[in-house]
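Reader: I want to learn how to read a model like this one. Please take me through it feature by feature.

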Amino acid sequence: MTPPGPGLNSPVGEAGEVGPALFFMLSESLVESFRVRVQERGLELADLRIGGTSNRPLVQVRIEWPPADPPRPVTVADCAAASRYVLEVSSPGLERPLRWHRHWVQFVGHEVQATVAGLGRVRARIVAVPDEETVMLERQGEAPRPYRLAAIRDARLAVDW
């Protein structure tokens, strides 16, 4: 999923069906990440939304206890225990990660270090990005080869210190 456009009101990416005006649907991997963290506290994720405005972004996390007889209500203490998150915002830095197709396109001609399925950790130059699923990488001393972006993990711009 790509980040929202100019305002957080505009949903983008494959995950999204437009809900209320200020919210968009999230990718299943992000929802699953929250679900796991909430389950670590014995709770269940009832809903997760990101929205708001560009001046006041909003993350809504709704939790509940697993079904029980009698039902257990969610308390303020439960909400406090589940809200122990810290928002960390920074620039991507010199060894910036390449996560999405647009990053690969932006850095054609640059060297990257990445973990490639079947090869392990490699260093190569981005030669081209012919489509949304493929990148052409040239490892030192080898001819350029196509690799599926889905097979590449932990890709970062390579920096020689």
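Reader: What share of the residues in the protein chain is buried?

Author: Start with the cut-offs. Buried means under 20% relative accessible area, exposed means over 50%, and partly exposed is in between, with a 1.4 Å probe and protein chains only. Here, buried residues make up 24% of the 161 residues in the protein chain. This is a predicted model, where local features need pLDDT of at least 70, side-chain atom pairs count only at pLDDT 80 or more, and totals for chains, interfaces and linings use all residues. Residues are numbered from 1 along each chain as its sequence is written, and side-chain values use heavy atoms, with hydrogens and water left out.

Reader: How many helices and strands does the protein chain have?

Author: Both are DSSP runs, numbered from the N terminus: helices are H or I with at least four residues, strands are E with at least two. The protein chain has three helices and eight strands. From the N terminus on, the order is β-α-β-β-α-α-β-β-β-β-β.

Reader: How do I check a helix? What should the residues of α1 span?

Author: The expected span is 1.5 Å times one less than the number of residues. Helix α1 covers residues 28-39, 12 residues, so it should span 16 Å. Its end C-alpha atoms are 16 Å apart, which agrees.

Reader: Which residues of α1 are buried?

Author: Val31, Phe34 and Val38 are the buried residues of α1. They cover an arc of only 65° around the axis, so they sit on the same side of α1. That arc is taken from the directions from the helix axis to the C-beta atoms. Glu28 and Ser29, on the other side of α1, are exposed.

Reader: Now the strands. How many bridges join β5 to β6?

Author: Two strands pair if DSSP finds at least two bridges between them. Strands β5 (residues 120-131) and β6 (residues 134-139) run antiparallel and are joined by five bridges. A hairpin of two residues links β5 to β6. Asp131 stands opposite Thr134 in β6.

Reader: And what does β6 do with β7?

Author: β6 and β7 (residues 145-148) pair in the antiparallel sense, over four bridges. Val135 has Tyr147 as its bridge partner in β7. For Leu137, the bridge partner in β7 is Arg145. β6 and β7 also form a hairpin, with five residues between them. In that turn, Gly141 has a positive phi of about 80°.

Reader: Which residue has a positive phi although it is not a glycine?

Author: Asp154, with a phi of about 50°. Asp154 lies in strand β8 (residues 152-157). Its relative accessibility is 42%, so Asp154 counts as partly exposed.

Reader: Omega next. Which residues does a cis peptide bond join?

Author: Asp69 and Pro70, with omega at about 5°. Pro70 is in the loop between β3 (57-64) and α2 (76-82).

Reader: How do I read contacts between positions apart in sequence? Where is Val116, and how far is it from Ala151 in space?

Author: Val116 lies in strand β4. Val116 and Ala151 are 35 residues apart in sequence and 5.8 Å apart in space, C-alpha to C-alpha. At 4% relative accessibility, Val116 counts as buried.

Reader: Is Gly118 buried or exposed?

Author: Gly118 is exposed, because its relative accessibility is 86%. Gly118 is found in the loop between β4 (111-116) and β5. Its C-alpha is 9.9 Å from that of Ile152, 34 residues apart in sequence.

Reader: Last, pockets. What volume does the second largest pocket have?

Author: Rolling a probe the size of a water molecule over the atoms shows where empty space is left. A pocket is an open set of points on a 1 Å grid over the protein atoms alone, where a 1.4 Å probe fits, with protein on both sides within 12 Å along at least five of seven lines. Grid points are joined across faces, edges and corners, and a volume is the space filled by probe spheres set on the points. The second largest pocket has a volume of about 340 Å³. Of its 12 lining residues, the closest to its centre are Ser90, Pro92, Pro97, Arg99 and Trp100. Lining residues have an atom within 4 Å of a point.
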